[in-house]
Amino acid sequence: EKPIRSLLKAISWRIVATLTTMFLVFVFTGFDSGVGVTELALKILIYYVHERVWNMLNFGRERK
């Protein structure tokens with residue numbers, strides 16, 4: 001898997017997850033207060049690094 005694919009997967013997942021978080025924060029508190037924006041940026045980076053580390057491992061891959 002190429003790094004750009006990991007990055008695009010991270011971004012698309014974070015958009016979905018952040019919208020969920022923003023919705024839940026709004027439901028429970030009545031306001032967002034920037035939680036979504038902060039979470040979006042930080043978690044894209046964290047997911048990207050996580051994905052790249054897993055991509056270096058052979059665990060669970062079938063050998064061809």
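Colleague: How many salt bridges does a search of the whole structure find?

Modeller: The search finds three salt bridges, each being a side-chain nitrogen of Lys or Arg within 4 Å of a carboxyl oxygen of Asp or Glu. This is a predicted model, where local features need pLDDT of at least 70 and side-chain atom pairs count only at pLDDT 80 or more, while totals for chains, interfaces and linings use all residues. Residues are numbered from 1 along each chain as its sequence is written, and side-chain values use heavy atoms, with hydrogens and water left out.

Colleague: What makes the pair Glu 51 and Lys 9 a salt bridge?

Modeller: Their side chains meet at 3.0 Å, N to O, and the cut-off is within 4 Å. Glu 51 sits in helix H2 and Lys 9 in helix H1, so the pair ties together parts that are 42 residues apart in sequence. Helices here are DSSP runs (H or I, at least four residues), numbered from the N terminus.

Colleague: Why is Glu 51 called buried, and why is Lys 9 called partly exposed?

Modeller: Buried means under 20% relative accessible area, exposed over 50%, and partly exposed in between (1.4 Å probe, protein chains only). Glu 51 has 14% relative accessibility, so Glu 51 counts as buried. Lys 9 has 29%, so Lys 9 counts as partly exposed.

Colleague: Which residues are linked in a network of salt bridges?

Modeller: Arg 14, Glu 39 and Lys 43 are linked that way. Arg 14 and Glu 39 have their closest N and O atoms 2.9 Å apart. This pair links distant parts of the chain, with Arg 14 in helix H1 and Glu 39 in helix H2, 25 residues apart. For Lys 43 and Glu 39, the closest N and O atoms are 3.3 Å apart. Lys 43 and Glu 39 are separated by about one helical turn, because they are four residues apart in helix H2.

Colleague: How do you know that Glu 39 is buried, and what is Glu 39 in contact with beyond its neighbours within four places in sequence?

Modeller: Its relative accessible area is 10%, so Glu 39 is buried. Apart from those neighbours, Glu 39 is in contact (heavy atoms within 4.5 Å) with Arg 14, Ala 17, Thr 18 and Thr 21. Thr 38, also in helix H2, has 53% relative accessibility, so Thr 38 counts as exposed.

Colleague: Why is Ala 10 called buried?

Modeller: Ala 10 has a relative accessible area of 0%, so the word buried applies. Ala 10 belongs to helix H1, residues 3–29. Leaving aside neighbours within four places in sequence, Ala 10 is in contact with Ile 44, Tyr 47 and Tyr 48. The buried residues of H1 also include Ser 6 and Val 25, and what covers the buried residues of H1 includes H2.

Colleague: At what angle do H1 and H2 pack?

Modeller: H1 and H2, residues 35–56, pack at about 145 degrees, with their axes 8 Å apart. Axes are lines fitted to C-alpha atoms, for helices over the stretch in contact, and angles run from 0 to 180 degrees between N-to-C directions.

Definitions and conventions. Helices (H or I, at least four residues) and strands (E, at least two) are DSSP runs, numbered from the N terminus.
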